[in-house]
Amino acid sequence: MASNTLQSGSSRAKLPVHKRYPLDLNGAQLVLAGFASSIALATPHKSINLYENPSIYLCFSASVLFLYYAVLVLADVYCYKVSDPGARRPLSTRAKRAFMTLLSTLALSVVVALVFVLFGAPVLTQHSETFMAAVNFSLLAITPAILTLKPTFSAWRRALLSAEQKSIPEKWAAGFFWCTAVTTWASAYFIPMDWDRPWQRWPLPVVGGAFLGNLISLLFVLIRCFIVPVARADYEESENEKRRMVRELENEERQSRPVTRSMAKKDL
Amino acid sequence: MGAEHARIQSGRRFAWALVLLLAVEFLGMGLFAKGFFPYKKSAGGFAMPADQPKDIGSNRTQPEAQYDRLVLMVIDALRNDFVFGNESQMAYTQQLLRTGKARGFTARAQAPTVTMPRLKALMTGTVPGFLDAVLNIAEGDTSSSLQHQDSLLWQLRENGGKRINMFGDDTWLRLFPGLFANADGTSSFFVADTVEVDNNVTRHVQSEIKQGEWDVTVLHYLGLDHIGHLAGPHSALMGPKQREMDGVVKDIHEIVMAQDRDRMAASGNARPTLMVVLGDHAMNELGNHGGNSQLETSTAFVFIGDNVNAQPLGDNKNALVRLLTDEVAQSNLAPTLALLLGVPIPKESLGVPLPQLLESVPLSQRMHMLQTAATQIYAVVRANEPTALQVSLTEIRAHPHTYMAADCHDQLLIGAQLQCLYMAALAQHSLAANDDAERAYYTFMNAASKHLSQALDGYGLEYMGVGIALLAVATLGLLWLCQHNGAPIVHTKARQLAVSIPAVVMWASQLLAEQSTSLVEEEHQLWYFWVQTLLALRAATSTGTSGMLRSLAQMAVFRLVRAWNQTGQKWAGEPDIRGMLNAPSAAPLLWTLVIAVALLVNFACWALHRHFRRPPGWSRVFRGLLAAACACALAYHMQRAHTQPGTGPARGVFVLTALLVVIGCVVGSGAKTPASAVALDALMGFMPLLLLLTRPHNHALFAFFAAIFALFFSNSSQPSSISSSSTGHPLRPSRALVLQALAHASFFALGNSNSLASVDLSNAYAGVSQYNEVMVGILVFISTWAGPVWWAMAGAALLVLNAGPSRSQLLLRVRALVAGAHLWQALVLLSLSCVATAMRSHLFVWSVFSPRYLYQIAWFAGFYLVCGTAIGFIWLAATMRFSVHSSFVPAMHV
C-alpha cells in the first residue's frame, strides 16, 4: 500500500502517514503550545495576581491561549493542516474561522461552567471566577476539538466517546479533551484538603489541573498522533522494503540458477 | 428438576459461606475495636496529704487553703461566647467580670466533646479515652465510673472532709456513686425537655444552698444543651435560657456572699467561698457537639470569689471579647481547685494550675504549691516515661547551680528532657522563692502537660493485629465468593477485569481517601463528586437523547440535594438551604414544603396503585392508613415546633408503619401482583416513619430522591439489566453502582458527617416516654441513616423491577449484589483498621479516625448487615413466594 501511494503522490490524502502529518511541524506546534500555556501562567504585572484577583488573571491567561490558537488558525497550520499551496484558504476565511473559534469556545465555556456548578462549584457567588475557569478549561481541552472536528453532534460523539478506530484528527481532539478533563477532575481532590493554602481556593486547583492536564496531553498527543504513526509507517516501509529485497533476491536466484527449493533455502 | 436441585444446593452453599465470612469479619471488627478503643486503665491509688513534698526552699509552713467552700455550676454546652460575647444575655456575670469580681477564661476541651469524658477530664485532670464517648450514651453502664480513680471530688471529701451535694445531670451520680451526701439527678438524654430539666435543679438553690448544710455543691444544668440540640445556638429560646442561668448565678452569688460574711464574722479562720461557672463542652453552629471543631471545644470558665483578684475589665462594650482568646486547657481545673481548696492534686492529673488564680497567694506559699503541682505531674511523667528517673531533693539542694545551668533542650529523650526541666525548677526554687523559679516551674509543667496529653497509649495491639488478620481473611474470602458467585472481579479466560472502570476507580479512590484525615472529614464531598461523575458518565455514554437528558436532570436535582445541608468541617458554617428554611421568616415556606412532601407521598402511592392496577378496595385501605400515618408524622413535627411533643402521634406512626408494611408486603401481594409493586408499597409504607424521624427541613430531600429514582426509568419499559451496563460502553457505570454512591451520598445529604457532633438526638425520643437504650438506639440509627435506608429500599425495588420473570436470574443478581456490597464494606473496614493502626500515636486518631471507625461499625453492622442482608433477604423471600413463584406456576403448567 505504501509503495502505491508513493508513486501516485500529488494528492495529500494519498501520502504516507508520516508525510501527511510531518512530525517536525506539529512537534514545533506542540512545543509552541507548551510555551503558550507557560506564558499564560506567567504574571506580567504585579496587579494581575492569581490569589487576589483570580478572574482578571484568568482573563489574561485565556487571552494568551486564544492568541496562540488565532496565530495557528491565521497561519493555517493547525494540527495536521499542512499547507497544500493550492488548498490554502484566503485570509478572510481564516480570520472568520478564528472568530468563530472564539465564539464557539465561549459558548461551550458556558456549558462547562454549568458542569462545574453541577459538580459542586458555588452557585450564588464567584460567578466570574467559575466562568473564567471554564473559559481556560475550554481553551485547553475543547478548542483543539473545535478546530479539528466537524461541528456535528455525531462527529464529536464519535471522536470523544466511541471506542472505534479513529483518524488522526479525532485522536488529536480526544487526546486533548480526555487528558485535560481527567486531570482537571482529579485536581478537584485538592479542594477539600485541610492544608489551608491560598491556591486551594476555588477555582485555582481546577485551573491548575487543566494546565497540568494540557501539558500531559501535549505529550500524549505527540506520542499517539505522531510518533506512533510515523514509527508504524517507518516500520511498515522497512518491512515492505525487506520483503521486496527478498523477492528480488529470490527472482535473481531463480533466474540465474534454477535449482530445487530446499537448496535455495539453504543458501539463504 | 436436577438443575433446580443443583441451584438450591449452590444457593445454600453461598448462604453458608456468606454467613461464615461475615461472622469472621464481625469478629475481626470486634477484636480490633476492643484493642483500638481501650478502657483508659488508671494506675489506681489516691494522692494522700502525707505524700505531699516538703518545701525545698526556706518556707516551712504548709500552704493554706484559700477557700473553704466551692460551688461548681456546670452549664452543659456553655460556649465561651455565651458568656463573653456581645450577644450574651448573662448581664450579671458580665458585670462581675467587668468589675473584677470574677475571672473568665476560654477553656479548650478535647474531643470527644460529650458530657461524660468532659466531666472526667474536669474532675481528674486526665485525658479520658474515646470509649467514654460511647459509654456516655449507655446510661446503664457503671464500668466507666470514677470510684477507683483519684478525682477532685474524692480528694475534697476524703482529704478535705467536705460535705458534697449534687443537683442536676445524673452522669455525676454514675461517675461518683455514693460520694454525694445529698443528690438529685436528672436524666440528660431527654433532649426535648428544656424547662423542667432546669427547674428541677434550680429548686434546690433556695432549699439546699441557702438553708442546707454543705461545703461543696455541684449543679449541672442541661437546658442550654437541649436548646442547642433542638434549635441551635441562635434559637429564640437561647436568650431567655441565658438570662435564666444568669439569674441563678446571681441568686447563688448573693446567698454565698451573705453566708460568707456571717461565717467569717463568726470565725477568724473561715475562708470565703469560690464559685465556678463552666461549660463541660460547647456546641457548633448547629447546636451539636462531639467533634473537634473550634466552636465545639471552646467552653467558658468563670471563677467568682473574693480572692480571684481580677483586673477590672472596664465598661467598654468589647472589653470581654478578649476573653474569647484567653485560652487555658480544661484539665487545668482539677489541680487549680485542689490547690485553692487545700487538698492534694488528683494523682493522675495532667493539668497545670492556673497562674492567674494563684496570684493572691503569698509568694512563699505559692512556690510550695507549685512544687507540689510539679512533683505530682512529674510522678505521672515517671509512670509514662522510663527515661525519667527518680529525683533526689537533697542532691538538688546540695548542687543547685549544676542543675540550673543544664541545657535541657540538648536531651534527646523526652523523659530525660522533662526530668532536666523539673530539676532545674527545683534547683531554682531551693535557692530562692522568686519569679524565676515560678517561671521555671511553669516551663516544666507546661512541657510535661503538653507531652502527656498527646501521648496516646493503652492500645491492645495484639487484639488489633488479630482483628486485622481476621478482617483480611474475611476480605479474601468475600473476594473469592464474588469471583465465583455471579460477580466475577476478573475474567479468568480473557484475563481482564470484569468490573467496570468507573467502579474500580471509585472504589480505589474511596479506599485511598480513607487514609487522609481531611478527606475523612470531608467524605461527603467525595460522594457528591462521585455521584455527579457517575451520572455525567451515564449521560455521556447513553445511547439516546432521552437517556442523556434524564441523567442530566438527575445531576441537576442532585446539585440541589447537595446544597441542602452543609456538613463536614471545612465548610460547616457556610450558608445552606437548611439555614434558609429554618430562619423564622421562612417558616411558611418550610411548612408548605413539609405538607407538600406528605401530599406527594400519598399522591405517589395513588399513582403507583393505578399503574400496577391494584385491587381498589385494598388500595383504599392502604392509602387511608398511609394518609393517617403521614398526618401523625406531621402532627408530631408541628407540635414539636412549639412545645415538647406528646408520645401519641409518634406511637401512631410506629403502629401504622408496621401495619402498612405488613399489609403491603404480605396481604397485598396477591397472585397477580408484580414483585416490584410490593417492593414499592413497602417503601411507601416506610415513608411516614422516615418523615417522622427526620427534621422537617429535610423532608423535601425525599422528594428529590424520589425524582432522581424515577428518572432512572424511561417511558419505553424495555427490560434493562441493573448490574451490567446496557449500552456496553466500557465507561458506562451500572445503576447498581450509582445507587451505591447515592446511598452513601444521601447519608451526608441529610446533614450527617463523620464527626460524632452531627448525630442528631432530637428525633431519637419520638414516642419514647422513658429512656430505653434499645428503642432509642434503633430510632437514632433510622433517623441518622434515613437516606441510605430509603435508597436501599428503592434499590431493592429497582432490582425486582428489572429482574424480569426469571427467578434464578433474580437470585443470581441478588447474590452478586450482596457479595459485592459486603466485599466493599470489608475492604473499607480493613483499610480503615490499617490506617487507624498506623496513625495510632497521632492526636487526630481521636478527632478523625475513632469517630470514623464508629461510623464504619454502624455502616457495616447496622446498614449493610441488618438493613441490607436481613431485611433484604426476608423481603425478597416474601415477594418471591407470593409473586414470582406464583407467576411461574402457570408458565410451568403450560
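Predicted model: local features only at pLDDT ≥ 70, side-chain atom pairs only at ≥ 80, totals over all residues.
A disulfide here is a pair of cysteine sulfur atoms within 2.5 Å.

Take B:C605. Its sulfur lies 9.1 Å from the closest cysteine sulfur, that of B:C630, which is too far for a bond.

Which cysteines do form a disulfide? They are B:C408 and B:C420, with sulfur atoms 2.1 Å apart. This pair links distant parts of the chain: B:C408 sits in the loop between α16 and α17 of chain B, while B:C420 belongs to helix α17, twelve residues apart. The torsion about their S-S bond is about -75 degrees, so the disulfide is left-handed. Both B:C408 and B:C420 are buried. Over all chains, the count comes to one disulfide.

Now turn to the sheet in chain B. Eight strands make up an open sheet with mixed pairing, in the order β4-β3-β5-β1-β6-β7-β2-β8. Because β4 (182–186) and β8 (327–329) stand at the edges with a single partner strand each, one side of each has no neighbour in the sheet. On average, neighbouring strands are turned by 20 degrees against each other, direction ignored.

Within this sheet, β1 (residues 69–75) and β5 (residues 216–221) of chain B run parallel and are joined by six bridges. For B:V74, the bridge partner in β5(B) is B:H220. Helix α4 (residues 115–124) of chain B packs on the sheet, touching β1, β3, β5, β6 and β7, and its direction makes about 155 degrees with that of β5(B).

Conventions: Residues numbered from 1 in each chain as written. Chains lettered and ligands numbered in written order. Heavy atoms only, no water. Pairing = 2+ DSSP bridges. Helix = DSSP H or I, 4+ residues; strand = E, 2+ residues; numbered from the N terminus. Axes fitted to C-alpha atoms, helices over the stretch in contact; angles between N-to-C directions. Contact = heavy atoms within 4.5 Å. Buried < 20%, exposed > 50% of the residue type's maximum accessible area, 1.4 Å probe, protein only.
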